[in-house]
Amino acid sequence: MPWTDNLEHLLKETLTPRQYEILIYLGKEAQSLGMKAYIVGGIVRDIMLGRESLDLDVVVEGNAVDFLKSINQEGCHISLHERYKTGSLIFSDGMKVDVATARREFYEYPLAQPRVSSDSLKHDLYRRDFTINAMAVSITPDSWGTLIDYFGGRRDLNKKTLKVLHNLSFVEDPTRVIRGIRLEQRLNFHLEDNTLRLLHSCLKGGLLARLSGYRLRSELELTMQEKAPFPALKRMAELGVWDILFPGLRIGKTAVRTIRRLSAFLARISRDFPDFRGYEWLAFLAALAIESHETVQFAILDRLSLAPRERDIMVQSLDGLRAAEQDLGGRTLVKNSEIYGYLREISPVTALFWSAATERWRVRRRILSYLTRLYRTKSHLTGRDLIEMGYRGGPQIGEILSQLRDRCLNEELTTLEEEVAWIKNNFPLELRQTKRH
Ligand code: ATP
């Protein structure tokens, strides 16, 4: 029998009102179809730890596709994967819920893609990585809030322990090694003794080294996207994971300092900085490789099958550091507009990396001022305003705007009135005669 308990009060306290409302709705829908529905995995763990969780993962005992097709909410977008009997809902306010059919997986051999068959909740939970991720909470009204814990997840949560569900877990899926380390460090838990022993034998057995580039990259990307990636990256070093993944990788003081600074700077700039475009993890990857030989650096790019754009960012970051230090550390690029002009040409991720990797305070200060301030500087006047003022659309407007921005960057112009006056003085009136009617 599973360990059961009622988490009704915790659901209320930890979920946002919107999450709560959606789960009540989905539970009722499931019950009306004679199905049972549960939230599962990370969200249950986070609720029990009192942590906020964004992902709503629901599992139904019954066919998730039939369940999803029955959802009838204004503005709710439903996508279905009939073959896998899964799908997702995106509500009109952007809230996303993944829904899956309770399923069982068979691994025919290590690292194989699992074969899937529909089955009960217990089997669904058994295929998961760690006991604390293998719990469910019912959301159907007749058992709303009931915790289902077959494998001691609650006990391990209390003990702050990460424990695999069975001895072949890492063999079936070696990505769990990285998942485990990530979670251990994020939650400040520890890998239970037997789990740690199994993890070591997975490393020794060479299974991690055989992971596909794509899967390895996804796990590393997720790890480097953590709010504070340093502890997990350090733990991977302690456990010898890097030696196996990237033979010859040298992680010394410079790499450590750069990684630590990256976290601090990112917190200042915010990961939501739109132009990182999700690539900021590459700054951490570059930091990790900063002290390694060029052949090792290229081997990493190949091993992770990085896309051309990602390779460019990595190469520019690692190869361009010395030149950037010279250019930005001297007396030739002094004005804000000059710093802007120089850095505008490179990826903001590379700029971020350089700011963390350099030991030259002037270079760092200039790059950080670019990322936090200059990057966003705009004139009050827009292209549309210039057309209104009588300038011809096209390259001329671009040129005027660029000169205008430079003066704003250098704080020579600060108000709208000053901008208008500057334009009138500097761009001859006759150019404004061509206003279209
Ligand atoms: P996070 O907060 O990092 O998103 P999470 O536990 O929700 O943590 P997901 O990657 O979203 O992580 O996975 C959701 C759930 O799916 C996990 O909690 C776990 O139960 C299961 N899971 C994910 N990846 C694996 C895996 N490789 N092997 C087994 N179970 C997995």
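**Ligand shell and a buried helix**

Helix α8 gives the largest share of the shell around the ligand, four residues, where a shell residue has a heavy atom within 4 Å of the ligand and helices are DSSP runs (H or I, at least four residues) numbered from the N terminus. This is a predicted model, in which local features need pLDDT of at least 70 and side-chain atom pairs count only at pLDDT 80 or more, while totals for chains, interfaces and linings use all residues. Residues are numbered from 1 along each chain as its sequence is written, and side-chain values use heavy atoms, with hydrogens and water left out.

**Ligand surroundings**

- Of the 14 residues around the ligand, those that come nearest are Arg-45, Asn-133, Asp-173, Arg-176 and Arg-186.
- The shell has ten charged residues, four polar and no nonpolar ones, with Asp, Glu, Lys and Arg counted as charged, Ala, Val, Leu, Ile, Met, Phe, Trp, Tyr, Cys and Pro as nonpolar, and the others, Gly among them, as polar.
- A nitrogen atom of the ligand lies 2.8 Å from a polar side-chain atom of Asp-173, and a ligand oxygen atom is 3.0 Å from an N or O atom in the side chain of Arg-128.

**Helix α18**

- Helix α18 (residues 348-357) is largely enclosed by the rest of the structure, because ten of its ten residues are buried, meaning under 20% relative accessible area (1.4 Å probe, protein chains only).
- The buried residues of α18, including Phe-353 and Trp-354, pack against α13, α14, α16, α17 and α19, with contact taken as heavy atoms within 4.5 Å.
- Ser-347 caps the N-terminal end of α18, with a side-chain oxygen 3.0 Å from the backbone nitrogen of Val-349.

Note on methods
A polar contact is a pair of N or O atoms within 3.5 Å; within protein, one must be able to donate a hydrogen and the other to accept it, and residues adjacent in sequence count only if both atoms are side-chain atoms. Helices (H or I, at least four residues) and strands (E, at least two) are DSSP runs, numbered from the N terminus. Buried means under 20% relative accessible area, exposed over 50%, partly exposed in between (1.4 Å probe, protein chains only).
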